[in-house]
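Open the model in your viewer and colour it by chain. The stops below go from the contacts between chains to features inside single chains.

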Amino acid sequence: MEVVSYRNVETFVQHIPEVTALGVWIKAIIILAVISAIAGFGTYVERKVLAFMQRRLGPMHVGPYGLLQIIADGIKLFTKEDIVPQNANRFIFMVAPVITAATAFIALAAVPVFPDFTIPEWIPVIGGTFVPSIASDLNVGILFVLGMMAAGLYGPLLAGMAQANKWGIIGAARTAIQFLSYEVVTGLSILAPIMIVGSLSFVDFNAAQAGGVANWLVWKQPVAFILFLIAGFAETNRTPFDLLEHEAEVVSGYATEYSGMRWGMFFIGEYANMITISVIAAIVFLGGYSTEGLGWLWIMLKIAFFFFLMLWVRAAWPHVRPDQLMWLCWKVLMPIAVINVVITGIVMMV
Amino acid sequence: MSEVKTVENMVSITIDGTTYQAKEGEYILNAARANDVFIPAICYLTRCSPTLACRLCLVEADGKQVYACNAKVKDGMEITVDTPNILEERRAIMEVYDVNHPLQCGVCDKSGECELQNYTLELAVDSQSYAIPDTKREVKDWSTVLHYDAGLCIVCERCTTVCKDMIGDAAISTTKRGGEPLDKAYKETMPKDAYAMWNKLQKSIIAPSNGTDYTNCSDCGECTAVCPVGALTGRDFVYTSNAWELERVPATCAHCSSGCQIYYEKKHTSVFDRSEKIYRVTNEWNYVSLCGAGRYGYDFENRVEGKDEAAFNAAVEAFKKAETIRFNSVITNEEALMLQTLKEKMGFKLVNPDARAFQKFLGAYAKAAGQSLYSYDFKEVMVTDFVISVGASLRNDNPNARYAFNNIQKMNKGAGLYFHPVGDNLVPTFGKNIEVFTHKVGLEEAALYLVLDLFADKEKLPEDVKSYLESFKSTTTKTVKEKVMKEVTETVIDEETGEEKQVTKKVPEMVEKEITIEKNGLVELLGKESDAFDAAFEKMMKKKESFSMIVGEDLYFHDRAENIAKLIALIEQTSPVRVAMIPPKTNSLGVALICDLDDEATGYTVGYNENGDFRLSALGDGDLDMPAMNQQEGTLTNMHKRVTPTNAALEYNGYELNDLMKVLVGAPELTVDWTEKLPVEKGFRTAKFDDLPNGYLNDGTENRGYALENITCEAEAIAVEKIDENGVLEGEIVYRCNPQRQFNDFTDKAHEIFEGFGLYAAPEKAKALGEKVEIDFGGKSITVDVIEDERMEGDITALADFKSEADVYSLFGPSRYRKVTIRKV
Amino acid sequence: MGLEQFKNRNVGQQEYVLLDLEHTPQTPMGKFKQVVKRTFKPELFVGLGVTMREMINALFKGQMHTIKYPFEKLPISPRYRAIHEMLRLLESGHYRCIGCGLCEKICISNCITMDTRYDENQRKEVSEYTINFGRCIFCGYCAEVCPELAIVHGPRYETASEQRASFSLFEDMLTPIDKLNLQQEYDGFGAVTPNADENIKKTPLAY
C-alpha cells in the first residue's frame, strides 16, 4: 500500500484505505496498551506537578527523577493481596472494577487517539495492515463516548454497594447523584456545538474547525466550553468535585474495601476517563487535530493542557460540599446550558 | 521486784510555750525528742555521754543559755529553743562547719542523708563569712572494714563517743590536726560558742587511739553508722551506691541472741546482673548498737536456681526413715515450731546441743525462781549502776551484753564485777570500778556464793547457806597504809574556751593505820586478795541503787548447772540483784521454749544446717537447699525476751521447710502462718506475723514484735549445794569460744568477716604453740591453726565453734572447758 | 506573674486582619447577586496563579523546599534532645561524669543505670553506664540535673538501629578521645545561664 497524504480536507473521507478487522484489533490493543501506560504515567505526572506546585520534589528515588515509580507502583498493585471482604457480594465486588476500566477503554474506541498509519510491509503477518486513528469511526461518536462514560457509573455504584461497607455505600450514593446529574450538563453543554456542526462524528468536528485557531468552536461556544469542562471535572471525579472518594469524609468512598489490582483498575479507568475528556475537549472545542506536519503534536499538547489543567486545579482549589455540588449542577449549570442551547438555536435560526 | 526498779517520776516542762511531760533527770534534748520537739544537735548520741562538740543544741532554759544535751530537766522548767542570740550562734556554727568542707556531695557516700547538709539548709546558711587555710587531710583505711575520709570529717566526735561509751573499744580518739591557728580577729567578731567550737575543731581530727594507722578494735563499724557526714564508711561500700537507690528491709539480725533490729539495704548487683544484692546493713544507732557480725555479715544468702524436685523428694524420703533431726539455733521460731510439730506427729528426736543445755538450765531456774524466764532484759540491765558478769566471755559471747556492761560503767557511773577464767584485757578498760576475777575453771559456784555474800540480805538466806558463807570468813589484824582522799580546791584555765574555773580535786594522801580485817575465803578462792577487794568493793558500792547480773553460756554447759541455776534463783530471791541470761545462740531461747529437745541422736539423722545423714542446708552445701535468714520471714526470740520479726531481704526460689511440712504432716500456706500458733503457755502470743511492728519510737521505746510473758509458777524451796571443787580443771585447758564477729556458719560465709576458724590464744601462748596444733580431746582430736588474740590473757586457749562441719560441740560435750593435750603439728 | 497577666501572656502586637465578611443574603436577588459576584470575581484564578507561581519558583528559581534526607540534613537547635552524649574535660580528657547518680534518680522512665566503684586514685569511678533507649523518652531531665554538664543531649537523632544497645553504653556516648577538640560545649537544657556569674555569692578564701 502507498502512504497517502491528504492535502484537501474534503477528500479526507474518500481516501481512507479499507479498515480491516485486523487493523481495528491492532488499534484496540494499541489504545489499551498506550492509554494504560499513559494512565500510569499520569499518576507520576500528577504527583510531580502537585509536588512542584507545593515546592516539593515529588518521587525522586526510583529511577532517574523517580521515573520508574510507575513500575514500582505497578509491581506493588499487581503483587498485593486481592482482598474480598467477608460480607461482600463476591461476584459484583469482583466485576465492578472491570466495568469501570472496560467502559473507560470502550469509550476510547470512538475517539481518534493517534494519527492513522500503515504497518510496514516487511513485518510478517500484520505487515501492510492499515491502523485507523479511530478504532471505530461511528457517526454518532460523541454520543457513544458520552454514553459509555455514563455507563461507567455502574463501576463505582456496584462496587460501593457490593462491599458491605458504610463508606462504600455513601460513596456509591454520591456516585449515582454526581454522575447522573452532571451527565445532564455534559450532554446539554455539548449540544450547542453539535447543533452548529450538525454531526455527532468527531471527524466532522475536526473538519468543521479546520483552518486555524480562529475557526475553533471555543470562540463560538465559550459558555458551552466552560460548562463542558466543569461537567467533565465532575464526570471524572476530579477536584473540586472529588466527593466520591474523599478521604476526609468517606475514607475512600466506593473504593474503600478494594486493594491491589482491583483498586488499580478503578485507578486506570479514572485516568483513562481523564484522557477521554481531555481528548473530547480538544477535538470539540480546540480545533482537534491536523494530519499535516506537526498536527499530531498539537493535539497532544492540547490534550496535555487539559490534563495539566486538572492537576493544576487540584493543587489550587478546595473541593465543594455535596449540597454545593448539586446546587451548582441543577441551579446554575443546567439552566445556563439550556439557555445556551436556546440562544444557539435562536442565533442559528436567525 | 518493784522495790529495786526506780520508779521514773515524770516532771512537766515547757518548751516554746507548750507543756510536756518528761522523765526526771533526763537531758532536755532527750525529753524534747521524746516529745517530738526538734532541737538541732549534731554531736549528741542517745545512750552516750554528751560531747559538747557541736554546741548546736544551745537553748535557753529558765533564762539561762544551756546545752540541751547536757542540762537535765527540772520540774516547771521553761525552755526556749530559738532566741535571736542562739540563732546567731547556730548560724555561725554551721558556717564554721562549712568552712573548707569539700564540695563533693555529688560523689559522697552519704548521698543526701547528710546531717551537715540538712543543718546547713535548716539553718539557712546561704553565705559564708569565715575562712581559714585548709590542711591536707588523708584518706585512710583504718582496718579491714573501716574507711576514713578525713577531708569530710567535721570532728563531731560521735564516732569516738560511741566507741568509748557504747562499744567499749575506745579504739579511736581525737588527735592533733596541725591546722592553722584561727585569726585572732574572729574572737571579737564571732559569736562566743561558735568561736570556741571552731577553735577546737581546727585543732583536731580523728585517728586510731593506739597511735598507729590502724585501729585495734572489734570492727563493729558502729562509728560508720553514727557518722553524720560521709567521713566514715564501710570499706566495701565506698562509692558503690547512693543511699536513695537502696531499698531498706527492716529485719532482725540473725547472728547472735541479741536479735538487734537492722535494715538490710539492697539493690541490683550491677548494670548487667539485675538480681538483688545486699549492699550494707544499717541500724537505728540512737537506740541499738550493732556488732561487726551484724553489720558486715550480711551476704550469707543461699542463692539457688530453682526448686530442685529430686532433692525435695529425697528429703521427704529421708524424713520418712529418719529417727532424729539435728539442728542448731539459727532458725526462726516458726521453724522451731515446725520441727516440734514433726516430733509430735512423727516421733522424731530433736537434737540441739546449745539450746538443750540452755533449756535444762532455764528449767532448773524456773523451778527455783517460780518464773519461766529470767527477770531482766538487757535494756533493764543497761540502766542499772552495778553489773556482775558470771560465766560469759563478754567480749566474744554477746556484743549487746558487753555493750551493756560497758555502758553502765560510762553512763551510770557504774561498777562491775567480772568473773571469768579466761583473762581479758579489754574488760578492765571499760571503767575504773571494775574488779576482774580470773578464777580457776569450775569455780563458777564460788562466784555466785560470793555474789550472795556481797549482796544478799542475810536474814533471808537459808540457815545452811548463811553458815556456809560464814565458814569462809576469818579475821586478822594488819598494819596497812591507807589512802585517804583530801579535797583541794584549785583554779584551772579551760583550754578550749579560755574560761577560768574553780575545780575541786581529790588528792590521795597516805596514812598508816592498824585495822582489823575480815578475810573472805571466797575472794581468795577466786584468786584475789581479800582485803584489797574489800576496799575496792566498798568504793564500788558508793551511791549504787540498782544491781544486775549477766549470766553466760559457761554456766549452762557446766557439770553443776542445776545447782548454779538454783543459786541464781536464790540470789534474786535474797538480794536486789536481778539476772539476765545470754542465750548461747541466735534463737536458743525460742528453741528452748518451743521444742521438746532430746539429749542424744540415734539412728538415721536429718541435719538442718548441721551434720547428718541427710542435710538440709541454708549454706548451699547440703542435700536440699533451705533459705538463709536474710531470705525468709519469721520471728526470732532474742535475749531481751522479745519476739521480733525479720523479713526476707533477698529472693529465694527453692523449697523451704514449710514445703516439706506440707508433704509430711500438712501445713498452712506460708511459713509465717505458724507465727500465731507459737505456744501461748510458754509466753508467746497469738499474734499474726503481719501485725508485728519492727521499729523504734522517738523516745527510744522498742516497738518491735512483742515481749514474751514471764509466766509465774509455784516456786520450790531452794536447796543449794556447796561448791564442788572437784570440777576444777588445771593444766592445758581449751575453752569453746568464738572470736568476735563470728557466731555461726553464716557469719563465716560473709565476705567482710575475716576471723578464721582456729585456736585463739594470748600472744605469748600463741608464740609457744606455733602455727598449727593438734588438740587431743582424749579419743577425738582436731587439727587447727593457732590464731593470736591480743585481747586474751593467760594460758587458756579458745577453740572456735562456729563451723558446724568441725562439730566442736561434740568434742566438748557437756562443758565449755576441756582439759586437752595440745601437740604442735 | 499574676493570673490575669498569665492568661493574657500572648496578647500583644499581633498582625491579625479581620476579614470583611458579608452577611448571608436573605432575598433571592441578593443570593443571585452573590453568585454572580463570586462567579466573576477572579479569586479562583488567583488560586491557580499562586500555585503556578510557586511551581515556577520551585522549578526555576531554586526555591524547592525539599531536603533530600538522608543525603542532606538540616542543622538542629542546640536545645534539641536527641541521643545522649557524655562529655569529657577539655584539659585532661577525663570524662566529666562523677557518678553522682542524680540522672539515675531523676530519670522518669527509669532507663539510666550505672555502676560505680572506688578506684586506685581514691576517686569514684564510673565502671558501667547505660541508658535503655527502648525506654528513654528524651525528656532532658538527666542533662538538666547533671551538676557537671557531663551528660548532655547530642545531635544524633537517628535512633533506628538493629540493636538498641548500639548507642547505649558509656563508650558509645562518650566523646572519642581523638575527637576531643571537636567537642562542642552544650548550651541546651541545664546549661549554665549567661548571667550565672551575677547570681553567685562569693565565699571568702584564706590563701
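How many residues of chain A are in contact with residues of chain C, and how many of chain C take part? The model is a predicted one, and in it 15 residues of chain A touch 16 residues of chain C.

**Stop 1: chains A and C**

Select chain A and chain C together. The area buried between them is about 1,600 Å², and carbon and sulfur atoms account for 75% of it. One salt bridge is counted between chain A and chain C. To find it, show the side chains of A:Arg55 and C:Glu54, which form a salt bridge with their closest N and O atoms 2.6 Å apart.

**Stop 2: chains C and B**

Chain C contributes 23 residues to the contact and chain B contributes 26 residues. Together chain C and chain B bury about 2,000 Å², with 60% of that area coming from carbon and sulfur atoms. Pick out C:Tyr118, C:Lys124 and C:Pro204: they supply 26% of the area that chain C buries against chain B, more than any other three residues.

The rule finds one salt bridge across the interface of chain C and chain B. Select B:Asp126 and C:Lys201 to see a salt bridge whose closest N and O atoms are 3.2 Å apart.

No contact joins chain A and chain B, and their closest C-alpha atoms are 43 Å apart.

**Stop 3: a helix pair in chain A**

Select residues 166-197 of chain A, helix α6, and residues 322-349 of chain A, helix α13; the two pack at an angle of about 15° with their axes 9 Å apart. α6(A) and α13(A) are therefore roughly parallel to each other, an angle under 35 degrees being the cut-off for that term. The crossing of α6(A) past α13(A) is left-handed. The residues of this contact comprise 21 nonpolar, six polar and one charged.

**Stop 4: a helix pair in chain B**

Move to residues 333-346 of chain B, helix α10, and residues 657-664 of chain B, helix α22. Their axes are 10 Å apart and the packing angle is about 20°, which makes α10(B) roughly parallel to α22(B). α10(B) and α22(B) cross in a left-handed sense. Show side chains here: the residues of α10(B) that meet α22(B) include B:Met338, B:Leu339 and B:Leu342, and among those on the α22(B) side are B:Leu657 and B:Met661. The contact of α10(B) with α22(B) has seven nonpolar, two polar and one charged residues.

**Stop 5: a salt bridge within chain B**

Over all chains the count comes to 60 salt bridges. For one of them, select B:Lys473 and B:Asp453, whose closest N and O atoms are 3.0 Å apart. B:Lys473 lies in strand β20 and B:Asp453 in helix α15 of chain B, so this pair ties together parts that are 20 residues apart in sequence.

**Stop 6: backbone details in loops**

In chain C, the bond from C:Tyr69 to C:Pro70 is cis, with omega near 10°. C:Pro70 is in the loop between α3 and β1 of chain C.

Finish at B:Asp36, a residue other than glycine with a positive phi, near 60°. B:Asp36 belongs to the loop between α1 and β3 of chain B.

Terms used. Residues numbered from 1 in each chain as written. Chains lettered and ligands numbered in written order. Predicted model: local features only at pLDDT ≥ 70, side-chain atom pairs only at ≥ 80, totals over all residues. Heavy atoms only, no water. Axes fitted to C-alpha atoms, helices over the stretch in contact; angles between N-to-C directions. Helix = DSSP H or I, 4+ residues; strand = E, 2+ residues; numbered from the N terminus. Parallel < 35°, antiparallel > 145°, perpendicular 65-115°, else oblique. Left-handed = near helix turned anticlockwise from the far one by under 90°. Nonpolar A, V, L, I, M, F, W, Y, C, P; charged D, E, K, R; others polar. Contact = heavy atoms within 4.5 Å. Buried area = accessible area lost by both parts, 1.4 Å probe. Salt bridge = Lys/Arg side-chain N within 4 Å of Asp/Glu carboxyl O.
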